Amino acid sequence: MKMSVQSTIELQLRTLPDAPGVYQYFDKDSKILYVGKAKNLKKRVSSYFNKQHDTARINVLVKKIATIKHIVVETEMDALLLENSLIKNLQPRYNILLKDDKTYPWICIKNERFPRVFSTRNVIKDGSEYFGPYTSGKLMHALLNLIKELYPLRTCNYDLSPQNIRNEKYKVCLEFHIGNCLGPCEGLESEEEYLRKIQAIRAILKGDFKENIREFKSLMMKYAEEMRFEEAQKMKEKIDLLENYQAKSTVVNPKISNVDVFSIISDEGSAYINMLQIKNGAVIRSHTLELKKKLEEADDELLTLAIVELRERFKLYAKEIIVPFKVDLGEGLKITTPKLGDKKQLLDLSERNARYYRMDQMKQMKIVDPDRHTNRIMAQMKSDLRLSKEPRHIECFDNSNIQGTNPVAACVVFKDGKPSKKDYRHFNIKTVEGPNDFASMEEVVFRRYRRLLEEGESLPDLIIIDGGKGQLGAALKSLEVLGLRGKIAIIGIAKRLEELFYPGDSIPLYLDKKSETLKIIQHLRNEAHRFGITFHRNQRSKNAIDSGLTTIPGIGPKTMEKLMIEFKSIKRLKETPFEAIEKSIGKSKAQKVLDYFKKE
């Protein structure tokens with residue numbers, strides 16, 4: 001069924017992420033209308049459609065929007081940089097056009113002997129290193145001041161060649177006399193020592209402060225031991241400066257020029273391949289492609305196919321591509337699989353966008369076609385949990401015997417991956433004396449499935465036991481007695497490490513922490529725990545009311561429950577000193593309890 005433009009936009013709005021990023025509006029002919037940034041994509045984009053705007057131009061824009069696309073980034077600053085880059089390259093009709101490359105400043109480490117460090121808006125390809133761009137001039141100058149405080153450098157543009165220094169061509173200036181420069185122009189500072197400072201500055205500009213802080217702390221301790229407290233204090237101030245400065249996030253790096261980035265996220269039925277196009281160090285395009293699996297194709301095969309398709313579709317001619325693993329694309333193309341650094345950050349950004357695209361598709365499917373969504377989830381669970389059939393009906397058991405009193409158990413039921421609360425059941429433990437989790441589990445599993453068999457009710461496709469091997473073994477005993485062992489799949493989940501135990505297998509199964517299967521199992525366990533705890537509290541309260549204290553004038557149900565929780569039994573309460581009872585429920589009520597026991 002073909003959806004209207006309004007329905008399509010409403011669906012896209014409902015599935016936008018609550019994350020920073022850049023949004024793009026397209027008209028019915030897929031022409032770009034507008035590019036914008038957002039701290040929260042869902043809130044910002046929704047604001048365009050949930051009110052009448054004061055400006056006629058915005059109202060006209062909103063009427064023309066047929067499709068919304070978005071790119072997710074790490075921080076609001078990244079969104080600002082990416083927005084700037086996309087506007088320059090796409091030049092949308094409703095954006096202020098940015099045609100120059102001088103919008104944001106950079107910090108440059110000049111390619112020269114005794115390099116200078118300074119801000120610039122011109123990126124010149126002369127071998128110099130550029131860090132940025134910085135969306136905040138205030139932040140950039142604060143960083144330059146920090147560097148100046150930590151490491152005195154030259155600011156002059158002299159040619160400090162070895163020959164010029166030997167010939168004493170230059171003399172130290174005022175910067176030397178006030179301590180801002182150590183005089184390399186007169187050979188007062190060696191090139192080796194100067195470059196050591198540049199290496200430290202390079203680390204700071206990349207956000208790596210560990211080595212600098214460690215060095216300053218070592219010097220601070222050394223000066224303190226030598227009782228040079230003024231110098232030690234200066235080192236402490238430098239440490240404070242470094243620890244208080246937070247490095248910016250990097251979406252843009254001028255060293256990475258003209259590359260394409262590809263990543264893949266796949267599940268049981270589809271693969272999602274994201275492409276980022278990088279030109280002159282900036283992201284200028286992002287697109288995600290979904291491929292439906294036919295024959296359980298491997299990720300490398302799907303990624304190769306998608307790269308060929310996307311490069312052809314978008315006319316991508318970069319000589320280097322960044323991918324998560326090696327792919328075979330013939331000769332003449334550099335394949336990079338980064339593990340660290342700026343290229344790895346770009347790969348991570350691409351993977352994040354592929355993941356968000358998949359999440360959006362799943363949310364939209366859940367809204368438009370809930371049956372298809374359920375079928376996909378069930379197929380995924382069957383595969384992840386190595387089951388012979390889809391777990392359409394799941395039951396999960398949990399014991400509750402807090403403080404050893406009123407042992408109870410809970411059974412919660414999920415159908416098609418969702419709670420079926422009308423089928424929840426709770427149990428008072430009848431045959432077990434004291435806190436014995438294994439025996440209690442054996443009892444409730446037996447009682448549950450004996451009853452289902454007697455009443456001719458349908459049995460579950462999967463039983464989940466909240467506990468490890470011991471609890472699972474106890475449940476299996478009951479299934480054995482009832483003749484159900486091997487007829488119903490059963491697993492145990494250990495509480496701490498999310499380990500899944502199978503009968504007869506000593507090695508647990510670990511699911512991906514982000515998998516939907518694990519999320520449903522955790523939801524089942526949490527529901528069983530909640531349902532069991534609630535019943536347990538009600539039983540304690542009931543026992544307090546049934547304990548004989550109901551006859552005490554002025555002592556209500558809440559006070560009775562409080563007394564039973566704190567003192568455990570009537571016998572212990574009778575033996576408790578008046579002061580302890582008074583501390584718990586107050587002098588007046590404590591006196592009533594004491595008088596009642598005296599009369600007895």
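Colleague: How many disulfides does the structure hold?

Modeller: The structure, a predicted model in which local features need pLDDT of at least 70, side-chain atom pairs count only at pLDDT 80 or more, and totals for chains, interfaces and linings use all residues, holds zero disulfides. Residues are numbered from 1 along each chain as its sequence is written, and side-chain values use heavy atoms, with hydrogens and water left out.

Colleague: What makes cysteine 181 count as buried?

Modeller: Buried means under 20% relative accessible area, exposed over 50%, and partly exposed in between (1.4 Å probe, protein chains only). Cysteine 181 has 10% relative accessibility and therefore counts as buried.

Colleague: Why is the pair of phenylalanine 114 and tyrosine 194 called edge-to-face?

Modeller: Rings of Phe, Tyr and Trp (its six-membered ring) pair if their centres lie within 6.5 Å; planes under 30 degrees apart count as stacked, over 60 as edge-to-face and the rest as tilted. Here the centres are 5.2 Å apart and the planes stand at 80 degrees, so the pair is edge-to-face. Both phenylalanine 114 and tyrosine 194 are buried.

Colleague: What makes the pair of tyrosine 158 and tyrosine 170 stacked?

Modeller: Their ring centres are 4.3 Å apart and their planes lie at 0 degrees, so the pair is stacked. Tyrosine 158, at 33% relative accessibility, counts as partly exposed, whereas tyrosine 170, at 12%, counts as buried.

Methods:
Disulfide = S-S within 2.5 Å.
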